[in-house]
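This report describes selected side-chain pairs and a pocket. Please consult the structure below while reading.

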Amino acid sequence: MTSFAHETVSRTQRYSGPIFTVNTDEVTMPGGGTARRDIVINKNAVGVVALDDVGRVVLIRQYRHPLGIKLWELPAGLRDVEGEDLALTAARELAEEADLNAARFDLLIDLHTSPGFSAETIRIFLARELSAVPEEERHVRRDEEADIEIAWCDLDEAVAMVLRGEITNAAAAGGLLAAARARDDGWATLRPAGTPPI
């Protein structure tokens, strides 16, 4: 079976904002002709499964306006500092959203969050050897982050929350399931934090 190489023959920008851009691409199709596809180009993101010495993970609950509700999630954020090492981005988000530092970061998984229309990727790290950010050094949270709820949960219970439909954020679900599997495999599936991104 031969592979067809889809080619973008034209691109029209529909919207450009601080977080994402929306384009309409005209793309060649294997049956002949072309088709139009709307795509979102994001800044990409990182997320963190922060695991303490007794097997608990930190979860945050924050308001997500497109859904109009609060979701249980992992500490996460945009890759909005050009050229920044992704583990450093993850460390910054962990400190800002959960008031935690971590001495060790390993790569759990890379995800395409919604490949039907978005090019966004999120890299999920496992953070261990945790310590609290000193009170006087804590980030001042604003906007949706101002009322973030922080909770500690046994990793197996967090996985059960995913399977019960209580955690529906895709990055959180993927990260928690990957962390539980990595733990059960004695951490053999972890990759170095500096593994090149997808």
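Is Asp106 buried or exposed? Asp106 is buried, at a relative accessible area of 9% (buried means under 20%, exposed over 50%, partly exposed in between, with a 1.4 Å probe and protein chains only).

The model is predicted: local features need pLDDT of at least 70 and side-chain atom pairs pLDDT 80 or more, whereas totals for chains, interfaces and linings use all residues. Residues are numbered from 1 along each chain as its sequence is written, and side-chain values use heavy atoms, without hydrogens and water.

**Salt bridges**

The whole structure holds 20 salt bridges (a side-chain nitrogen of Lys or Arg within 4 Å of a carboxyl oxygen of Asp or Glu). Three of them are tabulated here.

| Pair | N to O distance |
|---|---|
| Arg141 and Asp99 | 2.9 Å |
| Asp106 and Arg104 | 2.9 Å |
| Asp156 and Arg183 | 2.7 Å |

Asp99 is buried, with a relative accessible area of 12%. Arg104 is partly exposed at 37%, as are Asp156 at 42% and Arg183 at 27%. Salt bridges with shared partners also join Arg61, Lys70, Asp147 and Glu149 into one network.

**Largest pocket**

The largest pocket is lined by 41 residues; Ile19, Arg64, Glu73, Leu78 and Glu120 lie nearest its centre. A pocket is an open set of points on a 1 Å grid over the protein atoms alone, where a 1.4 Å probe fits, with protein on both sides within 12 Å along at least five of seven lines; lining residues have an atom within 4 Å of a point. By class, the lining has 18 nonpolar, 11 polar and 12 charged residues (Asp, Glu, Lys and Arg count as charged; Ala, Val, Leu, Ile, Met, Phe, Trp, Tyr, Cys and Pro as nonpolar; the others as polar).
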